[in-house]
Amino acid sequence: MSKIYGYCRISKKTQSIERQQRNILTMYPNAIIINEVFTGTKIEGRKELNKLLKKLKESDTVVFDSVSRMSRDAESGFKLYKELFEKGVNLIFLKEGYINTIVYKEQLSSHHNIKVEDKDLNDTIMQGIREYLLRLAEKQIQIAFQQSEKEVMDLRQRTKEGIETARRNGKQIGQIQGTTLVTKKSIQAKGQIRKHCRDFGGSLNDSETMKLAGVSRNSYYKYKKQLEQELVDETSV
């Protein structure tokens, strides 16, 4: 019987993996979640991913929240993609559905009606079509990686520019010595905001979430900004 796995990866233990888990389980409630903490762009060294790869069988499915969770290196990412594609494993990327393996399988199926009497020639034609479609897949995967990396770089640049603007305006940047910014109340409030606010996949608007979290307007938007930055960090290598 085929199985559905959801692979979630973060770069460090201080990051939250819940967003990836939630996104996958929302679409595939029966997915077996595999969690990994690994820093780096390569596939080598990922113990949990390699364990998963060894037990994958034909018709099994692996779901990723985004292509960057599989690999940020286009070359090794496509190599793994092709190996699993050839093995008959289904790959699903929630944020880049246009490179799901089903897209290319459907395209291959649509060419099955191409038949010539010479079997060797027919096999050569089909192999050519297969290689052509996989080349398209490689290009699309590279574009997906490049776009993912560009978004992170743009966010980092905007954050850097915002900090510089704040400094020039005389605002305090970072923690003031002798103060404690992280409290039990702030942790609980941020947990409520991340779980229930629409901007993070919840069902409540700002006013409703603010009331539920029991914080002031200034604290609410401060925590919300911090959460947005944490999400940016989760997408980084």
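Predicted model: local features only at pLDDT ≥ 70, side-chain atom pairs only at ≥ 80, totals over all residues.
Arginine 19 forms a salt bridge with aspartate 65, and the closest N and O atoms of the pair are 3.1 Å apart. Because arginine 19 lies in helix α1 (residues 18–27) and aspartate 65 in the loop between β3 and α3 (74–87), the pair ties together parts that are 46 residues apart in sequence. Aspartate 65 also counts as buried, because its relative accessibility is 3%.

A salt bridge also joins the side chains of aspartate 65 and lysine 95, with a distance of 2.9 Å from N to O. Lysine 95 is found in the loop between β4 (90–93) and α4 (101–109), whereas aspartate 65 is in the loop between β3 and α3, so this pair ties together parts that are 30 residues apart in sequence. Lysine 95 has a relative accessibility of 49% and so counts as partly exposed. Through shared partners, the salt bridges join Arg19, Asp65 and Lys95 into one network.

A search of the whole structure finds five salt bridges, among them one in which the side chains of glutamate 48 and lysine 51 meet at 3.6 Å, N to O. Both residues of this pair lie in helix α2, three residues apart, which is about one turn of the helix. Glutamate 48, at 28% relative accessibility, counts as partly exposed, while lysine 51 is exposed, with a relative accessible area of 52%.

Aspartate 60, located in the loop between α2 (47–55) and β3 (61–64), is buried yet has no salt bridge. The nearest side chain of opposite charge belongs to lysine 57, which is 6.8 Å away, and a salt bridge requires a side-chain nitrogen of Lys or Arg within 4 Å of a carboxyl oxygen of Asp or Glu. When residues up to four places away in sequence are not counted, aspartate 60 touches Met1, Ser2, Lys3, Tyr5, Lys55, Gly88, Val89 and Asn90.

Turning to the packing of helices, the axes of helix α6 (residues 184–196) and helix α7 (residues 206–213) come within 9 Å and cross at roughly 145°, and this crossing is right-handed. On the side of α6, the contact involves Ala189, Gln192, Ile193 and His196, which meet Thr209, Leu212 and Ala213 in α7. The residues of this contact divide into four nonpolar, three polar and no charged.

Technical notes:
Residues numbered from 1 in each chain as written. Heavy atoms only, no water. Axes fitted to C-alpha atoms, helices over the stretch in contact; angles between N-to-C directions. Helix = DSSP H or I, 4+ residues; strand = E, 2+ residues; numbered from the N terminus. Left-handed = near helix turned anticlockwise from the far one by under 90°. Contact = heavy atoms within 4.5 Å. Nonpolar A, V, L, I, M, F, W, Y, C, P; charged D, E, K, R; others polar. Buried < 20%, exposed > 50% of the residue type's maximum accessible area, 1.4 Å probe, protein only. Lys, Arg positive; Asp, Glu negative; His and termini not counted.
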